[in-house]
Amino acid sequence: MSDPITLNVGGKLYTTSLATLTSFPDSMLGAMFSGKIPTKKDSQGNCFIDRDGKVFRYILNFLRTSHLDLPEDFQEMGLLRREADFYQVQPLIEALQEKEVELSKAEKNAMLNITLKQRVQTVHFTVREAPQIYSLSSSSMEVFNANIFSTSCLFLKLLGSKLFYCSNGNLSSITSHLQDPNHLTLDWVANVEGLPEEEYTKQNLKRLWVVPANKQINSFQVFVEEVLKIALSDGFCIDSSHPHALDFLNNKIIRLIRYR
């Protein structure tokens with residue numbers, strides 16, 4: 001067996017063999033390690049490749065086994081496909097194409113379940129009446145919670161591209177709040193009468209907006225209407241067998257299904 005070779009891929013170190021790196025001679029790696037293309041070295045003398053180090057593990061495993069092994073919750077298919085294109089491992093490119101077709105078929109039939117909760121609480125804040133003069137005030141505030149589960153990861157990504165939190169005067173996509181690829185929890189407040197804008201930031205009170213309509217969501221009715229628009233446009237329909245009609249009409253539970 002040949003001596004081990006250590007690669008520095010985007011700052012992440014991998015150790016493998018020359019036989020593994022040249023297992024597909026027509027690939028970029030095959031050319032690099034057969035001497036057809038010069039390689040670069042880092043300060044430690046390791047072969048350096050300026051590409052994404054995290055997903056390289058899947059490429060290296062494919063070189064070892066000729067089999068594509070990905071975790072069930074893998075979310076970087078686009079990045080892996082671009083890296084496979086760069087390294088020009090043609091069998092891996094074909095395996096990724098087959099995997100994407102498989103995932104697309106699995107995404108066709110889907111379920112969407114949303115549980116909604118609402119409460120009213122009192123918020124206390126200071127109001128500046130004049131220079132050096134402040135008064136303590138309070139107001140009732142509506143607080144909303146939406147627990148969203150969908151078997152379609154792609155739908156939650158679509159939803160995340162439409163709904164935004166307003167915090168610190170800026171809009172940020174809700175996709176950063178995904179607990180896992182199938183589960184999303186949203187917490188937000190309606191506008192509070194008399195509450196200064198800086199108090200939203202100070203008390204970490206997030207408001208919810210839908211784009212591109214640029215509409216603030218101040219009630220569950222508006223939330224349900226906007227989510228239904230997005231879901232129906234993606235092929236979902238209301239599941240008439242569940243939940244109970246009163247729960248749906250009262251905006252407590254929403255369940256939609258999609259058959260393709």
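How many bridges join strand S7 to strand S11, and which way do the two strands run? Hold that thought, and I'll come back to it.

First, some housekeeping. This is a predicted model, where local features need pLDDT of at least 70, side-chain atom pairs count only at pLDDT 80 or more, and totals for chains, interfaces and linings use all residues. Residues are numbered from 1 along each chain as its sequence is written, and side-chain values use heavy atoms, with hydrogens and water left out.

OK, the overall picture. The chain has 9 helices and 14 strands. When I say helix or strand, I mean DSSP runs numbered from the N terminus: H or I with at least four residues for helices, E with at least two for strands. The radius of gyration is 26 Å, well over the 18 Å that the globule rule gives for 260 residues, so the chain is more spread out than a compact globule. That radius is taken over C-alpha atoms, and the rule is 2.2 Å times the number of residues to the power 0.38. Along the principal axes, the C-alpha atoms fill a box of roughly 75 × 60 × 25 Å.

What about burial? Of the 260 residues, 41% count as buried. Here buried means under 20% relative accessible area, exposed means over 50%, and partly exposed is in between, with a 1.4 Å probe and protein chains only.

Now let's go inside. The largest nonpolar core has 31 residues, and among those with the most contacts inside it are Leu7, Phe33, Phe56 and Tyr87. A nonpolar core, by the way, is a set of buried Ala, Val, Leu, Ile, Met, Phe, Trp, Tyr and Cys residues joined through side-chain atoms within 4.5 Å. Elements giving two or more residues to this core include strand S1 (5-9), helix H2 (28-32), helix H3 (56-65) and helix H5 (90-108). H3 supplies the largest share, 6 residues. There's also a second, separate core of 30 residues, which includes Ala110, Ile148, Leu186 and Ile254.

Let's zoom in on Phe33. Which residues does Phe33 touch, leaving aside its neighbours within four places in sequence? They are Ile5, Leu7, Leu18, Leu21, Thr22 and Cys47, where contact means heavy atoms within 4.5 Å.

UniProt, in an unreviewed entry, lists residues 3-72 as "domain: BTB". Positions are in the numbering used here, feature names are shortened, and annotations may be inferred rather than shown by experiment. Over residues 3-72 the chain is 27% helix and 21% strand, with the end C-alpha atoms 34 Å apart.

Ser66 is partly exposed, at 48% relative accessible area, and its phi is positive, near 60°, though it isn't a glycine. Most residues other than glycine have a negative phi, and most peptide bonds are trans.

On to the strands. Strands of a sheet pair through backbone hydrogen bonds, either parallel or antiparallel. I count two strands as paired if DSSP finds at least two bridges between them. Strand S5 (residues 110-130) and strand S6 (residues 133-150) run antiparallel, joined by 18 bridges; Thr115, for one, has Asn147 in S6 as its bridge partner. Their hairpin has 2 residues between the strands, and Gln132 there takes a positive phi near 70°. S6 also pairs with strand S10 (residues 183-189), antiparallel again, over 7 bridges, and Asn145 has Asp187 in S10 as its partner.

Back to my opening question. S7 (residues 163-167) and S11 (residues 207-210) are joined by 4 bridges and run antiparallel. Within that pair, Phe164 has Trp209 of S11 as its bridge partner. Both strands sit in an open sheet of 4 strands in the order S8-S7-S11-S12, with antiparallel pairing. The edges are S8 (170-173) and S12 (215-216), each pairing on one side only.

Last stop: the loop between S11 and S12. Pro212 is in that loop, and the peptide bond from Val211 to Pro212 is cis, with omega near 10°. Asn214 is found in that loop too. Is Asn214 buried or exposed? Exposed: Asn214 has a relative accessible area of 52%. Asn214 also has a positive phi of about 50° although it is not a glycine. And its C-alpha atom is separated by 9.7 Å from that of Leu163, 51 residues away along the chain.

That's my tour, thanks!
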